[in-house]
Amino acid sequence: MIVISHVVALSNNNVIGKDNDLPWNLKTDLKHFKDYTSNKIIVMGRKTFESIGRPLPNRINYVVSNTIGEIAGAKVFNSTESAIEEAKHECSRSGQNEIVIIGGGFLFRDTLNKANKLVLSKVKCDIDGDVFYPDVDLNDWEKVSSNKFYQDAENDYDFTVEVYERI
Ligand SMILES: NC(=O)c1ccc[n+]([C@@H]2O[C@H](COP(=O)([O-])OP(=O)(O)OC[C@H]3O[C@@H](n4cnc5c(N)ncnc54)[C@H](OP(=O)(O)O)[C@@H]3O)[C@@H](O)[C@H]2O)c1
């Protein structure tokens, strides 16, 4: 079975972004993101791509956009469905079994019904923002792991990385 996962950091009030950027500095979470996504296919919306500013190394980068035709170092798709279909073919060709949706709000909403794994960094804050992760009924999901990290000089807030699989 191909795993379609969401990897996302969200606040208590579901904020994931502000002014096309992340609303916090969480160095340890960025390391977790890099470790989790490395050597996998990542799918993102055009705004998330622009926010990151470059294709992420050691990953196959897919970007969904109707306004950008080509990006050096990434494949561009005009719909989420076509990106996921091609990612499934790429999985078969390369022997991989996971497609990671990395945001933002549009892409998470578009793919929630297809996702069978959630890797949620739950950031312990209520914060202002303009992009939100959708409400998920976690009764449909089983928590398979949970790891807590603490605020320090490089991390603005405590956060917990919780992994869920669809029941
Ligand atoms: N906290 C986190 O874990 C996390 C992760 C990722 C991003 N973010 C944050 O989220 C924000 C960006 O999210 P966003 O919701 O504004 O944008 P987004 O989902 O990154 O990108 C939206 C764009 O993607 C394209 N798109 C999305 N769905 C599409 C579809 N079904 N068909 C065709 N094109 C589609 C469109 O591009 P065109 O307009 O070019 O057609 C759309 O404008 C930023 O603040 C970023 O920092 C946070």
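Reader: Hi! Leaving aside its neighbours within four places in sequence, what is I42 in contact with?
Author: Hello! In this predicted model, I42 is in contact with T37, L56, R59, I60, N61, Y62, V100 and I102, once its neighbours within four places in sequence are left aside.

Reader: Nice. Which residues touch the most other members of the largest nonpolar core?
Author: I42 is among them, together with V8, L10, I41, V43 and Y62. That core has 34 residues.

Reader: Is strand 6 buried or exposed, and why?
Author: Strand 6 is largely enclosed by the rest of the structure, because 5 of its 6 residues are buried. Strand 1 pairs with strand 6 in the parallel sense over 4 bridges, and V3 stands opposite E98 there. Strand 3 also pairs with strand 6 in the parallel sense, over 4 bridges, with M44 opposite G103.

Reader: And how do strand 7 and strand 10 run, parallel or antiparallel?
Author: Those two run antiparallel, with 7 bridges joining residues 117-123 of strand 7 to residues 159-166 of strand 10. As an example, K122 has T160 in strand 10 as its bridge partner.

Reader: Changing topic to the ligand. How many residues surround it, and which are the closest?
Author: 29 residues surround the ligand, and the closest are G17, G45, G103, G104 and G105. Two or more residues of the shell come from each of strand 1 (3-11), strand 2 (15-17), strand 3 (41-45), helix 2 (46-52), strand 6 (98-103) and helix 4 (105-111).

Reader: How many of the shell residues are nonpolar, polar and charged?
Author: The shell has 11 nonpolar, 14 polar and 4 charged residues.

Reader: Good to know. Which residue other than glycine has a positive phi near 55°?
Author: That is N20, in the loop between strand 2 and helix 1. D19 is placed in the loop between strand 2 and helix 1 too, and has a positive phi of about 50° although it is not a glycine.

Reader: Are D19 and N20 buried or exposed?
Author: D19 is exposed, with 10 other C-beta atoms within 10 Å. N20 counts as exposed because it has 12 C-beta neighbours inside 10 Å, and the cut-off for exposed is 12 or fewer.

Reader: Last one: where does N139 lie?
Author: N139 lies in the loop between strand 8 (131-132) and strand 9. N139 is exposed, with 7 other C-beta atoms within 10 Å. From N139 to N12 there are 127 residues in sequence and 18 Å in space, C-alpha to C-alpha.

Conventions. Residues are numbered from 1 along each chain as its sequence is written. This is a predicted model: local features need pLDDT of at least 70, side-chain atom pairs count only at pLDDT 80 or more; totals for chains, interfaces and linings use all residues. A nonpolar core is a set of buried Ala, Val, Leu, Ile, Met, Phe, Trp, Tyr and Cys residues joined through C-beta atoms within 7 Å. A residue is buried if 20 or more other C-beta atoms lie within 10 Å of its own, exposed if 12 or fewer, and partly exposed in between; C-beta atoms are placed from the backbone. Two residues are in contact if their C-beta atoms, placed from the backbone, lie within 7 Å. A residue is near a molecule or strand if its C-beta atom, placed from the backbone, lies within 6 Å of it. Ala, Val, Leu, Ile, Met, Phe, Trp, Tyr, Cys and Pro count as nonpolar, Asp, Glu, Lys and Arg as charged, and the others, Gly among them, as polar. Two strands pair if DSSP finds at least two bridges between them.
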